[in-house]
Structures are given as structure tokens and as C-alpha cells.
Amino acid sequence: MSKVTFEQLLDAGVHFGHLRRKWNPKMAPYIFAEKNGIHIIDLQKTEAKLDEACAAIKQIAKSGRKVLFVATKKQARSIVSDQVQRVGMPYVTERWPGGMLTNFATIRKAVKKMANIDRLMNDKQFEAISKRERLQIRREKEKLEKNLGSIADLSRLPSAVFVVDINKEHIAVAEARRLNIPVFAMVDTNVNPDLVDFIIPANDDASKSIALIVEQMVNAIEEGLTERKLDKDQQKDEDDAAEGEERLSVEGMDEEDNEGGSEKKRKRAGGEGEEGQRERRPRKTTPVGGAKKVSKK
């Protein structure tokens, strides 16, 4: 996995924080300096924390679990959707549906409803419905597709959540913390880092900064998925080889059994032949004239 360099972070403007009057004192360990009333983020700590977050999210992807990306900010929507689609992870770039994690069963019902509407629209009988009803169904489908289309494949709760701005997505962060789901997040100088499990100190307003951080996280997920596929292929090859060896050993045992059985048959046949020859040998008989007669005096 190619690590992001200090120069890349600097060029993307990751180091720009918020105004001093908006800062959160808990972000003090990640602030390098203040310039013109604006806090400057320590990029060395950003680099270290980003590597730590990438390693953790890579292991989650390697284990086959899902990571939910949340970014409803205008400057982050297209970036997150374009990057996340290439690894097949769920994401939310429109309004966060309240209770999406804590009331996941209801969200799944809405997703199933969307699938049922798709089947209905593909049916031939759909054209037999009145024009007004067809229009209502299409509008409902578009609404569900807009809000839930990106999480249609999320059949169970995600194993982690990545958030761009935890102040804007405070409901998503609260639901994840309630369910003990690890939270990865870009934290600016105006947020509380204690709400996040894997902190990435960075500018969460600039599109270049968001694009760089999200790209690194998606690359880590992609590498984890690649390693998972390679491990599966290797395991399959090992299983095939072991199965082939077992088949050869079983066939060898069968051949030995067949050879032993034919040898026994040969011995049995030989023994029966000797007995038959022994039985066919003529018996010795006493000649009639050879016996002495005893006369009475």
C-alpha cells in the first residue's frame, strides 16, 4: 500500500484548520501552530494517524466485512460516491435516515420495498395500471433509490463507519457509538476527537483534502479485498492438492486390496488343486491271492 507523503498532505491543504474562536480544546495535541487567527494542523501526526487508520480498515475489508461511508456535505458527496463505488462498499451521501443503524430492521424493510417496486415495474402487468398509479410508483421508487439505493446491498450492520465531518454527521456517530461500531473520521480543529475511535486530523471542508484522505482509505480497502481474494485462491489450491493426494492414496489402497485378493484366490485355487490330486490318487489294495488260509486240524 503506497503511503501518502508529507508533501501530498501539504499540497492538498490538509493542514488548514478553523478559526481559533471555533476550536475545540481537545484538539490541542493535533494543532501545530496558529497563523492569522487560524489553527494549523500538525501534518506529521496526520500522517501517522492516517497510516494507523488505513491499516485497521484494511484488516476489516480483508475479513470480508463492510465499511459504511457517510458524507452528506456538498463538497464531499461526489468524491465519496465515486471513490467508494469501485470497492463495492455502502455509502450515504444524501440525508442520513434517522435510525439507520439503531433501527436497521425498518431500513431493511424499506430496501425490500424498493426491490418489490423494481420487480413490479419490470412486470408486463405494470402497463395495465392506470397512468396516475404508475406515476406515483415511479416517484416513490426514485425517492427510495435516492436515499437508500447506495445501501441496497447492506444486508446487516456494518463493521465500521467512516465519517467526513462528525459535527454534521453527529447522528450517525451517535448511533455507531451506541452499537459499539468503530468510527473512522476526519477530525478538524472544531470537533471533539473523543467521539472517534480512529482519528485522522485533517481539513474536512476543502475538497482536495477530502479527496486525498478518502482515496487513501479506499485504496486500503481495495488492498484488503485483493489479499482476501488471493488467500481464498491459495486455500482452494491447497484443498484441491490435498484432495488429489487423498484420492491417489485411496486408489493405491484399492489396488493393494485387489492384488491381495487375487493372490488369495490363486493360493486357494492351488490348494484346492492339490487336494483334488490327492483325492484322485489310487488307494493301495491287498491282492486276493496274497492272504494265507488257516486250516483247522
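Which residues is I117 in contact with, leaving aside its neighbours within four places in sequence? In this predicted model, I117 is in contact with I137, E140, K141 and L144. I117 is placed in helix α4, and its relative accessibility of 8% counts as buried, because the cut-off for burial is under 20%.

A second residue of helix α4 is V111. V111 is buried, with a relative accessible area of 6%. Apart from neighbours within four places in sequence, V111 is in contact with L148 and A152. V111 and L148 are 37 residues apart along the chain, and 6.7 Å separates their C-alpha atoms.

The protein chain comes to seven helices and eight strands. Of its 297 residues, 36% are buried. Among contacts with a separation of 6 or more, 63% are accounted for by residues 24 or more positions apart. The accessible surface of the protein chain is about 19100 Å², and carbon and sulfur atoms hold 48% of that surface.

The strands include an open sheet of five, in the order β5-β4-β6-β7-β8, with parallel pairing. The edges of this sheet are formed by β5 (91-92) and β8 (198-201), each of which pairs on one side only. Within the sheet, strand β4 (residues 67-70) runs parallel to strand β6 (residues 160-163), and four bridges join the two. V70 has V163 in β6 as its bridge partner.

A hairpin is formed by β2 and β3, with two residues between them.

The turn of this hairpin contains N36, which has a positive phi of about 55° although N36 is not a glycine. Most residues other than glycine have a negative phi. N36 lies in the loop between β2 (31-35) and β3 (38-41). With a relative accessible area of 73%, N36 is exposed, because the cut-off for exposure is over 50%. A positive phi is also found at N180, where the value is near 60° in a residue other than glycine. N180 lies in the loop between α6 (170-178) and β7 (183-187). The relative accessibility of N180 is 69%, which counts as exposed.

In helix α2 (residues 43-62), the residue examined is K58. Is K58 buried or exposed? K58 counts as buried, because its relative accessibility of 14% falls under 20%. Not counting residues up to four places away in sequence, K58 touches A220, E223, G224 and E227.

The largest pocket has a volume of about 160 Å³. Its lining consists of R95, P97, G98, T106, I107, A110, K143, L144, N147 and L148. Helices α4 (104-122) and α5 (131-148) each supply at least two residues of this lining, and α5 gives the largest share, four residues. By class, the lining has five nonpolar, three polar and two charged residues.

Technical notes: Residues are numbered from 1 along each chain as its sequence is written. This is a predicted model: local features need pLDDT of at least 70, side-chain atom pairs count only at pLDDT 80 or more; totals for chains, interfaces and linings use all residues. Side-chain values use heavy atoms; hydrogens and water are left out. On a 1 Å grid over the protein atoms alone, a cavity is a set of points where a 1.4 Å probe fits but cannot get out, and a pocket is an open set with protein on both sides within 12 Å along at least five of seven lines; lining residues have an atom within 4 Å of a point. Grid points are joined across faces, edges and corners, and a volume is the space filled by probe spheres set on the points. Ala, Val, Leu, Ile, Met, Phe, Trp, Tyr, Cys and Pro count as nonpolar, Asp, Glu, Lys and Arg as charged, and the others, Gly among them, as polar. Buried means under 20% relative accessible area, exposed over 50%, partly exposed in between (1.4 Å probe, protein chains only). Contact means heavy atoms within 4.5 Å. Two strands pair if DSSP finds at least two bridges between them. Accessible areas come from the Shrake-Rupley method with a 1.4 Å probe; for residues, only the protein chains shown count as cover.
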